[in-house]
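Below is a short report on the structure shown here.

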Amino acid sequence: MSTTTEALDTINSGYKWGFETDIEMDLAPKGLNEDIIRLISARKEEPEWMLEGRLKAFSQWQKMAEPVWARVDHPPIDYQDLHYYAAPKKKPGPKSLDEVDPELLKMYEKLGIPLKERAILAGVEADPDERPQIAVDAVFDSVSVATTFRESLAKVGVIFCPISEAVRDHPDLVRQYLGTVVPVADNYFSALNAAVFTDGSFCYIPKGVRCPMELSTYFRINARNTGQFERTLIIAEAGAHVSYLEGCTAPQRDENQLHAAVVELIAMDDATIKYSTVQNWYPGDENGRGGIYNFVTKRGACRGARSKISWTQVETGSAITWKYPSCVLIGEDSVGEFYSVAVTTHHQQADTGTKMIHIGKGSRSTIVSKGISAGKSNNTYRGLVRMLPSATGARNHTQCDSLLIGDQCGAHTVPYIESRNPSAKVEHEATTSKIDEEKLFYCRQRGLSEEDAVNLIVNGFCKEVLKELPMEFAVEAQKLLAVSLEGSVG
Amino acid sequence: MSIVQQTGAAGFLACFETLKDALPGDPVVREKAAAAFRLLGLPGGTSARRSEAWKYTSLRPVAETAFMTPVVSGFDVDLSASTASFSRFAENPVFGPLPRPDRDPMVALNTMLAEDGAILRVPAGVDAGIVRIDSHGNGSHALHPRHAVHLGPGATLVLLEIATGTGGYLHNAVTEIAIGAGAHLTHIRLQDESRDAFHFATIYADVAEGGTYDGFSLVLGGRIARTEIHVGLTGKNAVAHMNGAQLLTGTQHADFSSIVRHAAPNCTSRQTVKNVLNGRSRGVFQGRIEVARDAQKTDGYQMNQALLLSPDAEIDSKPELEIFADDVKCSHGATVGELDAEQLFYLRSRGVPENEARAMLVRAFLTEALDLVTNDAIRSMLGEKIDLWWERQAA
């Protein structure tokens with residue numbers, strides 16, 4: 001496809017969500033030391049035990065080294081050249097939308113948040129009769145600006161709030177679970193996160209409760225040079241059910257930004273957690289300048305029998321993605337799922353996949369990964385399936401498919417399969433190919449432009465994953481795929 | 001004359017210092033290799049340094065053994081069925097360009113201490129029949145043979161290597177293979193070392209346009225063993241087969257690692273590797289298919305399967321695709337499990353005794369790999385070895 005090569009030079013899809021909101025920020029000085037950590041803890045009005053935990057994590061982090069095994073390449077990160085705390089300046093709660101900072105509202109508009117939700121997000125009292133069915137916790141830089149629907153969730157006993165609030169209001173729950181799935185010393189970035197995390201979501205679904213609505217968070221990185229360190233903790237007690245959505249967009253800027261989030265999920269007996277992500281942070285420009293470094297540790301523990309954790313991700317953004325949402329399947333007959341679409345263009349680098357650690361008898365896992373590389377990007381699937389001696393009768397099936405668009409990109413598959421139980425069955429399949437010429441020809445013959453044809457084929461290629469997304473996200477994700485690949489084919 | 005070594009990497013380095021003036025070949029290459037080995041050490045040996053290439057295989061037991069370096073060649077070459085020209089590395093000590101002592105620790109060790117090896121040459125257009133190389137390990141000897149095979153354009157050769165021995169010796173061979181345009185090398189290896197021995201075989205093959213490297217390794221022996229194959233498909237339409245089977249029991253550990261590098265368009269690579277693991281054994285498979293930017297129309301396929309016969313056995317498998325060209329067809333598959341209960345039941349219900357039924361199924365599992373050996377006599381010889389292995393398991 002020589003036309004593809006020619007078109008590569010003219011790729012310029014721009015970044016639709018590249019705006020920066022001008023709101024007064026409360027900013028900590030650059031650098032990372034114990035004083036900054038004390039400052040973060042003080043700003044968050046945290047109890048003493050949290051500060052101790054942070055300082056311990058910080059000293060742990062100082063002893064560790066950045067991991068080098070991923071297929072990503074970037075200049076060394078100067079951790080002293082970042083702001084570790086940024087928060088919009090606090091104002092008394094507005095009475096109506098008119099009193100809300102118009103900049104904030106404009107941002108919500110650009111994010112496509114429905115008007116009613118915008119009001120709630122901005123902290124305006126909502127009309128209880130007209131509730132949309134999504135609760136949104138917007139993380140605007142480091143502080144959750146507002147948490148919606150808390151009351152209606154509270155009626156059924158669901159706690160959904162910023163984690164900083166949970167530390168103050170539900171300290172016992174936080175202490176019981178925080179850091180139990182992703183320990184501080186798990187890896188370099190999780191240690192850093194444990195030391196400096198500023199906000200994120202906390203969600204607790206009590207026994208037997210089916211969360212009445214989809215829970216959702218919008219993450220944005222807004223202030224210049226602010227590393228964003230989110231911390232999310234979701235606990236589903238026995239028989240509980242929750243679906244959580246996370247969507248990301250970030251303003252356009254030149255310097256690379258570090259994002260090192262930690263997400264922990266805990267599912268008890270018969271509980272189900274569904275965690276969906278659409279990640280569309282600024283990927284850098286067509287010359288590979290700028291963009292987000294997304295170094296994320298996401299892990300779920302299926303602690304109870306028949307518990308289930310399902311990760312679905314659509315990754316189109318970030319300059320570098322280093323992300324392996326994992327499941328530790330401890331409970332008997334527990335289930336782990338990982339559905340992923342990763343698209344890379346220009347100079348993006350993605351090293352993403354999952355880990356399925358089978359401990360419980362009869363535990364099952366499914367991995368479906370679709371990688372699409374275009375431009376000069378590199379897209380790696382890296383995954384581990386481990387069957388421990390106790391995982392009698394466990395099952396895993398993995399399917400990894402890669403699609404190459406253009407001859408300057410790379411697609412890589414690196415699965416690790418480790419089994420120590422003969423009755424456990426592991427199956428892994430992977431394919432790499434370019435877009436089928438015949439399919440393209442068929443579509444073109446029926447009057448579709450080449451770009452539309454490629455979009456159609458790519459959407460078909462990803463369908464298995466996209467259908468796992470909640471409705472609200474599925475449509476957005478499809479559009480995102482089209483926008484991300486705009487101009488990649490000639 | 002023989003030298004009793006200290007343990008660990010230091011032991012080998014000290015041995016090199018004592019022997020180096022007597023070793024054949026370019027001393028600069030030797031010194032460079034020694035410097036690399038000093039840096040790399042024995043993987044998993046003493047330092048905490050971990051390398052991805054040796055993720056699943058630790059050489060700590062090698063590092064803890066005091067070997068003896070004898071001045072013997074340790075192998076016989078049978079040329080009765082071949083017209084290939086043969087010379088010894090001891091007399092013609094040339095270090096070829098393919099091996100990577102700078103990167104691969106066991107190759108650095110070999111390059112530092114290699115004293116002898118078989119050098120085989122087949123001129124253009126000649127079918128040189130079958131060459132057989134038998135190696136014999138003994139006691140606590142450390143052997144580092146350096147073999148080389150050169151096939152001229154259109155040449156054909158079958159190379160059969162059989163490794164046996166008694167004792168807790170170290171057999172650390174490096175083989176460099178150059179396959180000319182349209183030439184065809186069939187490389188069959190039977191690794192039937194002593195159960196107390198350490199066996200490392202690192203093979204580097206370069207295949208020119210239209211040439212074929214057709215390799216098969218049957219791994220039965222060794223306490224810790226590793227077969228490491230690097231094939232470079234550097235000419236158009238070149239073909240590589242890197243097949244193998246590992247049958248392990250007791251506390252054996254065997255690692256089968258391969259990298260095929262598609263560097264030219266229209267090349268084909270095929271790989272089927274089977275592990276049958278009994279007792280407390282551990283099988284490792286690492287296979288990578290690399291496709292370079294220019295290697296359009298690459299066709300790569302890789303399958304690795306493991307059968308765990310015992311609750312204490314372990315398999316670690318890492319099949320990898322690394323692709324930089326877009327017009328390619330590459331796939332790999334991996335399965336891990338035990339004998340199929342339904343198939344077993346089917347055979348039992350037809351009156352086949354359990355042990356026989358299991359033997360049939362294990363044999364059927366291995367046949368897929370074994371059938372890829374095209375030489376009938378060699379295939380049936382390997383088949384007998386497999387049957388014998390199974391009989392010993394059942395006994």
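What share of the contacts in chain B between residues at least 6 apart in sequence join residues at least 24 apart? The share is 83%, where two residues are in contact if their C-beta atoms, placed from the backbone, lie within 7 Å.

## Model and confidence

This is a predicted model, in which local features need pLDDT of at least 70 and side-chain atom pairs count only at pLDDT 80 or more, while totals for chains, interfaces and linings use all residues. Residues are numbered from 1 along each chain as its sequence is written, and chains are lettered from A and ligands numbered from 1 in the order in which they are written.

The average pLDDT (the predictor's confidence in each residue, from 0 to 100) is 94 for chain B, with 98% of its residues at 70 or above. For the complex, the predictor gives an ipTM of 0.89 and a pTM of 0.87.

## Chain B

Chain B has 21 strands and seven helices; these are DSSP runs numbered from the N terminus, helices being H or I of at least four residues and strands E of at least two. Its C-alpha atoms fill a box of roughly 70 × 45 × 45 Å along the principal axes.

Of the 395 residues in chain B, 56% are buried, that is, 20 or more other C-beta atoms lie within 10 Å of their own.

## Interface

Contacts link 29 residues of chain A with 32 residues of chain B. On the chain A side, β23 (410-419) and β24 (425-434) each supply at least two residues.

β24(A) runs antiparallel to β21 (residues 329-337) of chain B, joined by seven bridges; two strands pair if DSSP finds at least two bridges between them. One bridge partner in β21(B) is B:C330, which faces A:T432.

Terms used
Buried ≥ 20, exposed ≤ 12 C-beta atoms within 10 Å, placed from the backbone.
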